[in-house]
Amino acid sequence: MKYIDEFRDGDIARKIGARLREEALPERQYSFMEFCGGHTHAISRYGIAELLPANVRMVHGPGCPVCVLPIGRIDLAIQLALERGAIVCTYGDTMRVPASDNLSLVRAKARGGDIRMVYSGADALEIARREPDREVVFFAIGFETTTPPTALTIRLAKDEGLKNFSVLCCHVLTPSAITHILESPEVRQFGTVPLDGFVGPAHVSIVIGSAPYEHFSQEYRKPVVIAGFEPLDVMQAVLMLVRQVNEGRAEVENEFTRAVSRDGNLHAQALVSEVFELRPSFEWRGLGEVPYSALKIRPAFAEFDAERRFGLGYRAVPDNKACECGAILRGVKKPTDCKIFGTVCTPENPVGSCMVSSEGACAAHYSYGRFRDIPVRVETACPVLP
Amino acid sequence: MCLAIPTRLIEIRPGAQAIVELGGIRKQISIALVPDAVVGDYVIVHVGHAIGQIDPEEAERTLQMFGELAQLATPTGKLH
Amino acid sequence: MKKDYIRPLDIKHGRIDMNHGAGGRASAQLIDELFKPAFANEWLAQGNDGAALPIPQGGKMVVATDAHVISPLFFPGGDIGSLSVHGTVNDVAMCGAKPLYLSASFILEEGFPLADLKRIVDSMAAAAREAGVPVVTGDTKVVEQGKGDGVFISTTGIGLVPMGVDVSGSNARPGDVILLSGTIGDHGVAVLSQRESLEFETTLQSDSAALHGLVAAMLDAAPGGVRVLRDPTRGGLATTLNEIAGQSKAGMLLDEAAIPVKPQVDAACELLGLDPLYVANEGKLVAICAPEAADAVLAAMRAHPRGAEAVRIGTVTEDPHRFVQMDTRFGGRRVVDWLSGEQLPRIC
């Protein structure tokens with residue numbers, strides 16, 4: 001597959017790894033946060049951590065829209081299906097997220113909720129067209145990558161004059177989350193957040209461009225390198241970050257030049273501004289209330305806003321007390337620092353946001369990396385295949 | 001976040017729709033967000049919508065940079 | 001240990017949900033905590049796809065049963081009918097037995113078109129004839145409209161295990177070689193391509209096929225050398241290998257570069273965020289062999305039409321934690337874990 005396979009070459013990866021070992025200063029620790037869940041996934045799936053020098057550590061950030069979706073929001077979706085009889089259309093990612101009363105969307109479906117998995121907002125529109133007598137609600141989650149498709153869906157619904165379609169909008173914004181991390185309580189404790197730089201999200205940046213990150217590098221003196229999703233992109237970005245740190249620079253660099261420009265996709269941005277506006281505050285699971293971090297539907301499109309249409313009232317639901325997700329999302333603790341990791345909290349029984357989606361720090365570590373935590377070494381009785 | 005994949009645009013259809021191709025698979029998606037895309041372009045698809053395009057020159061440049069890196073690196077690039 | 005379930009089933013208030021049907025941990029827990037304790041016998045406890053039962057005259061008989069609830073009913077390369085024949089013939093074969101006879105029961109939904117039923121039944125008949133395994137008895141029931149998915153088919157097969165053959169999921173030993181008969185993910189992707197809202201165009205066909213001929217050739221090639229046979233159906237190769245690792249109380253180490261995946265399967269999985277390791281197959285098998293027998297078995301597989309693309313994909317290892325690990329193409333190592341429920345297409 002073009003523009004995919006070439007960026008997964010293992011030989012080149014090893015060579016970039018060798019370069020990193022040469023350039024990372026041995027007397028220093030480097031901590032970089034990869035903000036984006038997709039990067040977390042790539043790092044786990046390809047075993048990138050093994051190719052980095054021991055003094056370069058990747059910290060998994062909160063860039064997983066499913067992980068940061070608060071329980072209260074899923075409760076709303078379940079309510080719409082079970083109590084209001086709406087057809088709730090959702091992406092596959094949210095189906096298994098545990099919500100209140102031991103329910104999830106999958107379990108609500110088992111109780112008779114008409115909950116349908118869709119690949120795209122366009123599919124939800126199609127369902128609304130085909131079933132004019134039923135209310136259809138699209139459960140819209142995601143960062144800035146996913147927001148323009150939702151905006152388009154709402155605009156199309158308005159243009160067509162659909163009378164039975166609305167959107168439960170839970171779209172969140174990347175720059176606000178990064179700011180929140182940089183201003184977290186640990187900052188006051190340590191004087192600075194224990195991070196040396198950020199690997200910036202790949203696809204969010206296609207939409208918003210590289211310009212919005214310039215604020216972080218200037219204001220907080222942290223380098224940002226926007227990286228593509230493939231493993232070579234990630235390794236190259238880490239190398240670029242190490243170089244910035246060594247040279248005392250704090251700039252926004254773009255590794256993903258083949259898809260990201262400084263301005264981003266202006267057409268998509270215009271559409272998003274037309275349909276959405278900022279919420280003054282929004283609850284992020286694990287991070288608490290974050291100001292100006294999420295979007296709601298503008299009054300001009302009010303009839304397509306499920307919250308207005310159904311008069312929904314939001315009820316915040318606190319996380320389990322033993323859950324360390326907040327600290328893990330901010331990069332100050334690791335999954336293995338959490339007392340309930342891998343015992344009570346597993347991908348089958350996720351207690352907190354980091355285990356909920358396969359992109360979350362804890363889920364990724366559990367699925368891909370936990371065998372390294374176990375002290376017993378695995379020996380093969382026979383030599384490994386050539 | 002954001003599973004998105006570069007695919008080749010092979011046919012444009014009315015209503016800002018297009019057929020894209022990847023590894024022999026074909027799918028219909030929306031190109032409303034990339035109105036300037038033409039047949040032969042590589043568009044990046046997320047949730048059934050093209051959200052951006054691949055710049056082939058930049059892609060080449062990035063790959064070349066990896067390649068040069070590969071030349072410069074010391075030969076003992078072993079996993080530790 | 002991997003198979004411990006953190007929370008027991010909530011018998012009082014819990015309900016069946018789609019995860020219980022996916023073949024992963026949730027399915028396993030349902031069987032372990034609800035079905036096994038109730039039926040409680042040594043053959044069920046073994047956890048293989050069929051039961052190998054001693055017969056009074058000597059030798060062993062295998063019985064296996066499978067239900068088919070697939071939707072859509074018709075897909076590229078097959079339909080629920082041919083699938084129901086292949087699936088059960090294969091379950092019997094994976095116990096090392098020669099499949100002899102099948103029974104079939106149908107649950108039909110009121111309103112289901114007879115034309116579709118004939119198409120399915122003709123397809124079953126053709127599959128049974130080709131496999132040389134007749135459908136000798138059956139049953140039909142009708143449920144009211146809305147209470148079925150058109151048609152559900154359940155097939156049961158019986159077969160005889162030749163003397164000296166002992167194939168079971170618990171037989172794998174450290175050092176054994178893991179073989180795979182061909183490309184993975186074909187069936188699951190072919191079926192997904194027809195699902196509403198995921199539709200994509202592909203020339204991929206389901207790999208649904210009867211494998212008993214291939215099994216016979218393999219057992220002949222190395223008497224006593226084949227220790228485990230299993231077909232990686234729902235849950236995919238990863239789930240099957242994890243099951244075997246659990247039964248055999250061993251670990252595994254795989255070589256990702258050795259696992260064959262068709263380009264279209266790769267592409268579809270990229271598009272939908274799926275991992276081919278977890279996608280269903282209906283015409284492939286995994287064999288675990290004694291190291292000295294591996295070459296002969298592999299040669300026999302490649303000489304058979306159903307095993308032409310057979311490859312070695314890994315080895316069984318000594319591992320009290322029963323991890324299935326994999327050396328990635330990229331140069332790292334990762335765990336190939338059990339899925340909890342269905343693998344769903346994702347956006348993230």
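Biologist: How many residues of domain 1 of chain C are in contact with domain 2 of chain C, and how many of domain 2 take part?

Modeller: Happy to start there, and please keep in mind that this is a predicted model. The domain assignment of chain C gives residues 51-161 as domain 1 and residues 177-335 as domain 2. Taken over C-alpha atoms, the centres of these two domains of chain C are separated by 23 Å. The contact joins 20 residues of domain 1 to 21 residues of domain 2.

Biologist: Which element gives the largest share of the side of domain 1 of chain C that touches domain 2 of chain C?

Modeller: Helix H3 (80-93), strand E5 (98-109) and helix H4 (114-131) of chain C each supply at least two residues of that side. By kind, the residues of this side of domain 1 of chain C are eleven nonpolar, seven polar and two charged. The largest share is seven residues, and it comes from H3(C).

Biologist: Thanks! Turning to chains C and A, which element supplies the largest share of the side of chain C that touches chain A?

Modeller: Here 46 residues of chain C are in contact with 53 residues of chain A. On the chain C side, at least two residues each come from strand E10 (251-255), helix H8 (263-272), strand E12 (311-317) and strand E14 (333-335). That side of chain C divides into 17 nonpolar, 14 polar and 15 charged residues. With four residues, the largest share comes from E12(C).

Biologist: Within chain A, are helices H5(A) and H6(A) roughly parallel or roughly antiparallel?

Modeller: The axes of H5 (residues 121-130) and H6 (residues 147-160) of chain A come within 9 Å and cross at roughly 25°. Angles under 35 degrees count as roughly parallel. Therefore H5(A) and H6(A) are roughly parallel.

Biologist: And is the crossing of H5(A) and H6(A) left-handed or right-handed, and how do the residues of the contact divide?

Modeller: The crossing of these two helices is right-handed. H5(A) brings A:Gly121, A:Ala122, A:Ala124 and A:Leu125 to the contact, while H6(A) brings A:Pro149, A:Thr150, A:Thr153, A:Leu156 and A:Ala157. The residues of this contact between H5(A) and H6(A) are six nonpolar, three polar and no charged.

Biologist: Last one: what pattern does chain B follow along the sequence?

Modeller: Chain B has 80 residues, and buried ones make up 45% of them. Of the contacts in chain B between residues at least 6 apart in sequence, 29% join residues at least 24 apart. The secondary structure of chain B comes to one helix and five strands. Read along the sequence, the pattern of chain B is β-β-β-β-β-α.

Terms used:
Residues are numbered from 1 along each chain as its sequence is written. Chains are lettered from A and ligands numbered from 1 in the order in which they are written. This is a predicted model: local features need pLDDT of at least 70, side-chain atom pairs count only at pLDDT 80 or more; totals for chains, interfaces and linings use all residues. Axes are lines fitted to C-alpha atoms, for helices over the stretch in contact, and angles run from 0 to 180 degrees between N-to-C directions. Angles under 35 degrees count as roughly parallel, over 145 as roughly antiparallel, 65 to 115 as roughly perpendicular and the rest as oblique. A crossing is left-handed if the near helix is turned anticlockwise from the far one by less than a right angle, and right-handed if clockwise. Two residues are in contact if their C-beta atoms, placed from the backbone, lie within 7 Å. Ala, Val, Leu, Ile, Met, Phe, Trp, Tyr, Cys and Pro count as nonpolar, Asp, Glu, Lys and Arg as charged, and the others, Gly among them, as polar. Domain bounds come from an automatic or database domain assignment. A residue is buried if 20 or more other C-beta atoms lie within 10 Å of its own, exposed if 12 or fewer, and partly exposed in between; C-beta atoms are placed from the backbone.
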